[in-house]
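Here is a short report on one protein model. Look at the fold before you read on.

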Amino acid sequence: MISYRATAPADLDRVTPWIVTEPVGWIPADRYLAELAEDMYRPEWTWIAEHDGQVVGRALWWGPKGSPHPVALDCLDVDPAVGDRAAVAAELIRAALAGFPEPVEYMIKVTGGWRDDPVILEAVQWRRAAAHAAGLTREVERLQFEWAPADGVPPAAGRLRFTEASDEEFLAVFRRIAEGSLDAQTRASLAAKGVDATAREEMDFYLGAPGKREWWRIAYTREGEVAGMAIPSATPYNVNVGYLGVVPEFRGRGYVDEVLAEITRLHATNGESRITATTDMGNAPMAAAFGRAGYRNTEIRINLSNDVQP
């Protein structure tokens, strides 16, 4: 009989020795302990499956510092000796979700071409099956990119002018960029909640991110029309591209390259040695823009989440 429960502080020595041997992203003991001290992992967010007193499965849920609840499942693994790993993992996720508010997300990190590698494919398949069975049925594959100074700082082309602006002005541009977006999360939110709620939630997310508000810029054409916006941002780990976009009437003119270049230059000017970025696999124009700007694709992230709630 397998039982499922959240850990207590006394379980720490039973949780940290766990090692994931499959070729997927996972959380080793040193990172878990460091972020446990920062309240980004917590005993009550760390779930285990037990059989005959032995830990046979582990699910590490993460949340930003100060969050009342976790927002993502960072690491999921089950001992192959249990047999049906997907079934055990699904119950492990369900048990945790019973006490967590929505939405939540599980991200499986792999290298490119994972479908062609039988070992990586198997590691992904049972985890994905478990997530789907537990209700994380919305799936989006995303490309992770990275920039370093050796990749070169894009020059300013001069076709756009970038200025600071008020929250109200940025909110208006969020609304305009959402129209026709290729981003899966934005499209799902638009369908479920409409443009106003979607724009507000996206803006609030970046206002709450570790990046600085004074980095934000609206892009204007030489004629003074709003072309888009650049929102350099950050995670608890490093700076990132954050959010960028071009309004519908100016798409297809190469302005995305200038907006991305503005974000890259700001971080580079601040002395950052690493900038990360992500985009949906289906957003080919954005992926191509990252490539032109010197960003390298470093991994693929398979995001599994609850359906967007209206």
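Predicted model: local features only at pLDDT ≥ 70, side-chain atom pairs only at ≥ 80, totals over all residues.

Residues are numbered from 1 along each chain as its sequence is written, and side-chain values use heavy atoms, with hydrogens and water left out.

**The sheet.** 12 strands form an open sheet with mixed pairing. Their order is β1-β2-β3-β4-β5-β12-β6-β11-β10-β9-β8-β7. Strands (E, at least two residues) and helices (H or I, at least four) are DSSP runs, numbered from the N terminus. Two strands pair if DSSP finds at least two bridges between them. β1 (2-6) and β7 (160-163) stand at the edges with a single partner strand each, so one side of each has no neighbour in the sheet.

Contact means heavy atoms within 4.5 Å. Angles run from 0 to 180 degrees between N-to-C directions, with axes fitted to C-alpha atoms, for helices over the stretch in contact.

| Helix | Strands touched | Angle |
|---|---|---|
| α4 (residues 118-133) | β4, β5, β6 (138-147), β12 (296-305) | about 175° with β5 |
| α5 (residues 167-178) | β8 (217-221), β9 (226-234), β10 (239-246) | about 105° with β9 |

**The core.** A nonpolar core joins buried Ala, Val, Leu, Ile, Met, Phe, Trp, Tyr and Cys residues through side-chain atoms within 4.5 Å. Buried means under 20% relative accessible area (1.4 Å probe, protein chains only). The largest nonpolar core has 93 residues. W61 is among those with the most contacts inside it. Helix α3 (residues 85-97) gives the most to this core, with eight residues. Beyond its neighbours within four places in sequence, W61 is in contact with residues including M40, W45, L73 and F100.

Technical notes. Buried < 20%, exposed > 50% of the residue type's maximum accessible area, 1.4 Å probe, protein only.
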